[in-house]
Amino acid sequence: MRRLLFSALCLCVAMAGFSQAKVIAHRGYWKTDGSAQNSIRSLVKADSIKVFGSEFDVWMTSDDKLVVNHDQVFKGVNFENATSEEVAKIRLDNGEKVPTLEEYLIEARKMPDTRLILELKSLTDPTREDKACAMIVDMLKKYGLLGRTDIICFSINACIEFKKLCPVGVKIYYLDGDLPPKKIAKLGLAGVDYSMKALRKHPEWIKQAHDLGLEVNVWTVDKEEDMKYFLEQGVDYLTTNHPEQAQKLIAK
């Protein structure tokens, strides 16, 4: 009887951990008809399935315009070195043009239930990176979205700059996976946003982060066995290219 009660308690604890995890659509919900990575459609589709958040990536062009795309070189164009006019000629796989950050945010305002997870891509020149941070914060303020946007970066420089520019309460997470939680806490960031590889290597960082009051996101988790593992480990967020699959797993 005691073993049965203990097993039931363990199951309840595991289920509680599952229920607390939130799903983030990686580059929007793009693995669905008519969508494409980091497109306006991917944002709309993410919102339609009621995910917690939709992640997207931001570059600054050579003429200091903010655009939404993941790869530095996409369809033969280097986003950091190209002008905004050159970027505007590119078409995504679903036929959409590459959205500017402003166009993306204008659409996002229509979807108040979906949190925005904004990644600033690391730029070669730290001074330009600082400028991009300031432009992003100003634009988020302009459209009233700073309060429902989380910011993620591989660049420590960008994390620190966003920390300086953003009001208290805006969450900033580090992506690179090379720093233990105690160092993230010293920087005053909201948490770690690490790859599966990093957190498989250091599963203890999940509890360490929680003990320090930090949050944990893991990316990019597409296989069910990996989803189960990290949900059982108690991560706060799970970033995936298959958000509906993750939602169904958590709901079971």
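Buried means under 20% relative accessible area, exposed over 50%, and partly exposed in between, with a 1.4 Å probe and protein chains only. Ser39 is buried, at a relative accessible area of 0%. The model is predicted: local features need pLDDT of at least 70, side-chain atom pairs count only at pLDDT 80 or more, and totals for chains, interfaces and linings use all residues. Residues are numbered from 1 along each chain as its sequence is written, and side-chain values use heavy atoms, with hydrogens and water left out.

Ser39 lies in the loop between β1 (22–25) and α2 (40–48). Helices (H or I, at least four residues) and strands (E, at least two) are DSSP runs, numbered from the N terminus. Not counting residues up to four places away in sequence, Ser39 touches Leu92, Asn94, Glu96 and Tyr104. Contact means heavy atoms within 4.5 Å.

Helix α4 (residues 101–108) packs with helix α5 (residues 126–142) at an angle of about 30°. Their axes are 10 Å apart. Axes are lines fitted to C-alpha atoms, for helices over the stretch in contact, and angles run from 0 to 180 degrees between N-to-C directions. The angle makes α4 roughly parallel to α5. Angles under 35 degrees count as roughly parallel, over 145 as roughly antiparallel, 65 to 115 as roughly perpendicular, and the rest as oblique. From α4, Leu101, Glu102 and Leu105 meet Ile136, Met139, Leu140 and Lys142 of α5. By class, this contact has 5 nonpolar, no polar and 2 charged residues. Ala, Val, Leu, Ile, Met, Phe, Trp, Tyr, Cys and Pro count as nonpolar, Asp, Glu, Lys and Arg as charged, and the others, Gly among them, as polar.

Met135 is also placed in helix α5. Met135 counts as partly exposed, at 23% relative accessibility. Its contacts, leaving aside neighbours within four places in sequence, are Met60, Asp64 and Leu66. Met135 and Cys153 are 18 residues apart along the chain, and 15 Å separates their C-alpha atoms.

The loop between α5 and β7 holds Gly147. Gly147 is exposed, with a relative accessible area of 66%. Gly147 and Pro167 are 20 residues apart in sequence, with a C-alpha to C-alpha distance of 9.2 Å.

Thr149 is found in strand β7 (residues 149–153). Thr149 is buried, at a relative accessible area of 1%. A polar atom of the Thr149 side chain lies 2.7 Å from the backbone oxygen of Leu145. Beyond its neighbours within four places in sequence, Thr149 is in contact with Arg115, Leu116, Leu118, Leu140 and Val170.

Technical notes. A polar contact is a pair of N or O atoms within 3.5 Å; within protein, one must be able to donate a hydrogen and the other to accept it, and residues adjacent in sequence count only if both atoms are side-chain atoms.
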